[in-house]
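Here are some friendly notes to read with the structure open beside you. Each numbered point takes up one part of the chain.

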Amino acid sequence: MSEAEPKRHLWRPYTQMRTAPEPLEAVRTQGSRIVLADGRELVDGIASWWTAVHGYNHPHIAQAVADQLARMPHVMFGGLTHAPAERLAARLADLLPGDLDHVFLSDSGSVAVEVALKMAAQLWLNRGVAGRSRVLAFRDGYHGDTMGAMSVCDPEEGMHRRFGRYLPEQVFCDLPRSEAATAALDAALSRHGKELCAVIVEPLVQGAGGMRMHPPEVLASVARLAKRHGLPLICDEIFTGFGRTGTLFACEQAGIVPDILCLSKALTGGTMALAATVATTEIFSAFLSDDPGAALMHGPTFMANPLACAAAEASLDLFAREPRLAQARAIADRLAAGLAPLRGRPGIADVRVLGAIGAVQFESPPDLADLKARLLAHGVWVRPFGDVLYLTPALTIGAADLDRLIAAVVAEAA
C-alpha cells in the first residue's frame, strides 16, 4: 500500500472532497502547540474546536485515563454501573447552579442536545399532555449536526439549511435584545404555546452561528418568558461551559437555573468524547412511574464510558486546583487590548470579546482558503468561518503564544 493510499478512504467533515486541499497531518501535541508531520509547530488558537481548555497532554488527565484503562476501559451502562460515572455525575450536580442534579451521560454534544429535546417532548407525554412536540429556538443559533439538533439551528443562515424538508418544523425568534424583540418573543410563545415543549438557547454566545454575543440580561429575559409560559428552558452550554466565558457556566452570569443543560466539548478537557444532559429534579420526577414506558427512552452504546468519565473527573480536578477562571479573564483583557486596533478599520464590521473568546467580524465574507493560508504562514492554527475570524485558545495558553495569535489576526484582518 502506498503512503497516499490510506488517505483516500477518509471522508472528512465539512469538506468538498473533490476540490479541497490535502489536510495538514498532526503528529504530536503539547500545551497550546500542534506539531505537524513536516516539522512545523503551530500555536492552536481554537483549542481543537474549543475543547482543550487545559491545553494538550495535561499530565493529570493523561494519568487518570491511563489508570482507568488498566482497570476497565469500558462496560455497558444498561443494567451495570461504575464508580467513575457515579462520581462524575455527583460532582457535576454539585458544581451546577440550583437543582440541576440528574445527569444523563452520552458521547457528543449533538447527542446531548438530542437527549434534551427528547426529555422535553417526553416530559409532556408523561404528564398526559399531547401535541407538544415543537421547540422555540433562536435565529443565528447552532446546536449540532444530528437531525433533531439541526432542526433547532438557524433555518436560513445555518450550515444545515439544505436539510429543511427533512427536519421537524420548529419555531424561531430573534433573541430579545430590544423591547420589540422581547414583545415578539412573548407573542410567539403565546401563539404557539400549546404546541411547544421547550425553549432552547445558547447562553451569552451563539458559537458556530457566528460568535454572536449577548449580555446576561438577554438570557434572563429568555428564562423569564419561558417560565411565564410554563415551558422548560434548555441551555446549550456545549461551547460556553467550563470557563470559556469567564465563569464556570455562562448561565451563572444571568443568575438563572435552566430546566435542562447540555455539556460536552471541554467536559473532558478535550481528551475523550463525552457529553452530559443535566435536568432539574422537577424534570426528572416526570419520568418516575410504575409504567416502564415512562422511562427516558435513550441509551447510547458508549454512554458513561469509564475512560471518558475518568478524563472528565481529572478535568474537574484542574478547575478546582488551578486558576482557570482567572486565566480566562486575563485572556479576555489581552484579547480586548490586542484586537482593539481593528475597531473602525475599513472592512471590519465588529470586534467583540467575552471571556476567552475574541471575534472579528468582516463586513463581507473573505476568501476563507486564502485567509487560512495567510494565518498558517504566521505559524498559527486558526479556522475562520463565514464572515468571522475568531480565537478561543486554551485557558492555559502562555502570553507569548496568545500575543502571536493576536498579532496574526490583526495582521491578516487589517
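**Notes on a predicted model**

1. Contact here means heavy atoms within 4.5 Å, and helices (H or I, at least four residues) and strands (E, at least two) are DSSP runs, numbered from the N terminus. This is a predicted model, in which local features need pLDDT of at least 70 and side-chain atom pairs count only at pLDDT 80 or more, while totals for chains, interfaces and linings use all residues. Residues are numbered from 1 along each chain as its sequence is written, and side-chain values use heavy atoms, with hydrogens and water left out.

2. How do α10 and α12 pack? Helix α10 covers residues 324–339, and its axis lies 10 Å from that of α12, at an angle of about 30 degrees. That makes α10 roughly parallel to α12. Axes are lines fitted to C-alpha atoms, for helices over the stretch in contact, and angles run from 0 to 180 degrees between N-to-C directions. Angles under 35 degrees count as roughly parallel, over 145 as roughly antiparallel, 65 to 115 as roughly perpendicular and the rest as oblique.

3. The crossing of α10 and α12 is right-handed; a crossing has that hand if the near helix is turned clockwise from the far one by less than a right angle, and is left-handed if anticlockwise. By class, the contact of α10 with α12 has eight nonpolar, one polar and two charged residues. In this count Ala, Val, Leu, Ile, Met, Phe, Trp, Tyr, Cys and Pro are nonpolar, Asp, Glu, Lys and Arg are charged, and the others, Gly among them, are polar.

4. Please look next at helix α6 (residues 179–192) and helix α7 (residues 216–228), whose axes come within 10 Å and cross at roughly 25 degrees. These two helices are therefore roughly parallel to each other, and the crossing of α6 and α7 is right-handed. On the α6 side the contact is made by T182, L185, D186 and L189, and on the α7 side by V222, L225, A226 and R228. Five nonpolar, one polar and two charged residues make up the contact of α6 with α7.

5. R228 and D186 also form a salt bridge, with their closest N and O atoms 3.0 Å apart. The pair links distant parts of the chain, as R228 in helix α7 and D186 in helix α6 are 42 residues apart. A salt bridge is a side-chain nitrogen of Lys or Arg within 4 Å of a carboxyl oxygen of Asp or Glu. R228 is exposed at 53% relative accessible area, whereas D186 is partly exposed at 21%. Buried means under 20% relative accessible area, exposed over 50%, and partly exposed in between (1.4 Å probe, protein chains only).

6. How many salt bridges does a search of the whole structure find? There are 18 salt bridges in the whole structure. One joins the side chains of R134 and E195, at 3.0 Å from N to O. R134 lies in strand β5 (residues 134–138) and E195 in the loop between α6 and β7 (196–201), so the pair ties together parts that are 61 residues apart in sequence. R134 is buried at 17%, while E195 is partly exposed at 26%.

7. R374 forms a salt bridge with E412, their closest N and O atoms being 2.4 Å apart. The pair ties together parts 38 residues apart in sequence, because R374 lies in helix α11 (residues 368–377) and E412 in helix α12 (residues 399–413). Here R374 is partly exposed at 30%, and E412 is buried at 17%. Elsewhere, a network of salt bridges links R87, R91, E313, D317 and R321.

8. Where is F249? F249 is in the loop between β10 (233–236) and β11 (260–263), and is buried, with a relative accessible area of 0%. Leaving aside residues up to four places away in sequence, F249 touches L95, L96, E237, G241, F242 and L263.

9. Finally, please check helix α1 (residues 47–50), which holds W49. W49 has a positive phi of about 55 degrees although it is not a glycine. W50, which also lies in helix α1, has a positive phi near 75 degrees. W49 is partly exposed at 45%, whereas W50 is buried at 8%.
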